[in-house]
Amino acid sequence: MRTHNLAVIGGDGIGPDVTAAALAAMRAAADRFGFTLSTTDFDLGAASYHRTGVALDDSAVEQLRGHDAILLGAIGDPSVAPGILERGVVLALRVALAQSVNVRPVRLYPGVQSPVRGITPQRCDMVILRENTEGLYAGGGALVHEGTANALALQQSVTTASATRSIVEVAFRLAAARRGRLALCHKSNVLTYAGRLWDEVVEEVGAEYPDVTRDYVHVDAMCQHLPLSPERFDVVVTDNLFGDIISDLGATVQGGLGLAASANLNPTGSAPSMFEPVHGSAPDIAGKGWANPAAAVLSGALCLAALGERDAALACEAAAASVVAELPALSGAAMGASTAEIGERIAARVATADPATIGDPA
Ligand code: NAD
Ligand code: IPM
Ligand code: MN
């Protein structure tokens, strides 16, 4: 029987609860479609940081590297200064494992109510491709004269032609396989150097894809167009920070952060890819059972698809979509069921969900 070796990082806050739901659905899919998931838990996040004083050591990275894929819940906790865990674990892994392409589908499932009036499933089905290793996330910086009237903070941004080209190529390939439309989202009217490089790369790669229609949208305008006219977008390619921001906006349009999945892909296969919900550890609701686990289950579906388990991926996606469509609300106590209960419902439905009802994974 086929076996996939998964590394599992539950992490902080709601992370372990939603990850348990994702694993239950993935295991149900493995039983149904005849493969095995072997899992190794990695204790990373606030508790391990408090115990060891280290966010992530080299040996953990090397052990993670030995797996077929990584499933991540969320990292970050109010007891640790901002950035230490987020940069030290999440960003460190994306860079160390060369996960340069972040795939964030924005799809409104049938029966799910978008908070934006008038948005229907037919109008909302796009994929945001976020460059995952560069931009303002990668540059150095400094804070000098801290605490004085002369304080000065510098935070540099890095954009290379090679990383930009690599995600833009993925974007054109995906657009050609979908509805044939690619939008570049940037801020080239102000960030003229990086913007010019993105423009040039899109121009150059686009020449090989004459059938893909190109669009350009400044990131500020995107914040209006994405919620009001999501049908304008098929594939959106963007830089790291803009992608971070507009994917939370996309999540809102599709029903909330509890429904938004993501894949951090290593496009060459030189190291494992990592699958995680778009949301964070949600300390405001941690421990209450108020988190919607669908985003984690849908991230698990992206993981199965990347492992070549297409039917299993579609069954998980269809099961999560149909269970959330029945909830009276998409987060909090108003869901009328706890994170664990919703996870059980989704896992049970994986056994019978029809993979053909949902359409191909992003
Ligand atoms: P967040 O995404 O954790 O939460 C934002 C809001 O959405 C909160 O009100 C939360 O309750 C709600 N929410 C999030 N996930 C939900 C779910 N599944 N169901 C229902 N409601 C949900 O963002 P934040 O509050 O800005 O960040 C909290 C911590 O998480 C910070 O430490 C941040 O750095 C970290 N973070 C980690 C990741 C990651 O590990 N990939 C991603 C984003 C944020
Ligand atoms: C995300 C998160 C991360 C990011 C943080 C936790 C570093 O917000 O995955 O969207 O900014 O990429
Ligand atoms: Mn984010």
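**View 1. Pairing of strand 11 with strand 12.** Strand 11 (residues 261-265) and strand 12 (residues 273-277) run antiparallel and are joined by four bridges; two strands pair if DSSP finds at least two bridges between them. Ala263 stands opposite Phe275 in strand 12. Helices (H or I, at least four residues) and strands (E, at least two) are DSSP runs, numbered from the N terminus. This is a predicted model, in which local features need pLDDT of at least 70 and side-chain atom pairs count only at pLDDT 80 or more, while totals for chains, interfaces and linings use all residues. Residues are numbered from 1 along each chain as its sequence is written, and chains are lettered from A and ligands numbered from 1 in the order in which they are written.

View 2. Ten strands form an open sheet of mixed pairing, in the order 2-1-3-12-11-4-5-10-8-9. Strand 2 (35-41) and strand 9 (213-218) stand at the edges with a single partner strand each, so one side of each has no neighbour in the sheet. From one strand to the next, the twist averages 25°. Axes are lines fitted to C-alpha atoms, for helices over the stretch in contact, and angles run from 0 to 180 degrees between N-to-C directions.

**View 3. Helices lying across the strands.** Helix 6 (residues 192-206) lies across strand 8 (181-186) and strand 9, and runs at about 165° to strand 8. Helix 8 (residues 240-253) lies across strand 4 (101-107), strand 5 (125-131), strand 8 and strand 10 (235-238), at about 155° to strand 5. Contact between two residues requires that their C-beta atoms, placed from the backbone, lie within 7 Å.

**View 4. Helix 5 against helix 6.** The axes of helix 5 (residues 161-177) and helix 6 come within 9 Å and cross at roughly 45°. The two helices are therefore oblique to each other; angles under 35 degrees count as roughly parallel, over 145 as roughly antiparallel, 65 to 115 as roughly perpendicular and the rest as oblique. Helix 5 passes helix 6 in a right-handed crossing; a crossing is left-handed if the near helix is turned anticlockwise from the far one by less than a right angle, and right-handed if clockwise. Among the residues of helix 5 in this contact are Val168 and Phe172, and those of helix 6 include Leu197 and Trp198. The contact residues divide into eight nonpolar, two polar and two charged (Ala, Val, Leu, Ile, Met, Phe, Trp, Tyr, Cys and Pro count as nonpolar, Asp, Glu, Lys and Arg as charged, and the others, Gly among them, as polar).

**View 5. Helix 9 against helix 10.** Helix 9 (residues 294-306) and helix 10 have axes that come within 7 Å and cross at roughly 165°. They are therefore roughly antiparallel to each other, and their crossing is left-handed. Eleven of the contact residues are nonpolar, one is polar and two are charged.

**View 6. Helix 1 against helix 10.** Helix 1 (residues 15-33) packs on helix 10 (residues 310-325) at an angle of about 130°, with the axes 9 Å apart. That angle makes helix 1 oblique to helix 10, and the crossing is right-handed. Met26 and Phe33 are among the residues of helix 1 that meet helix 10, where the partners include Ala315 and Cys316.
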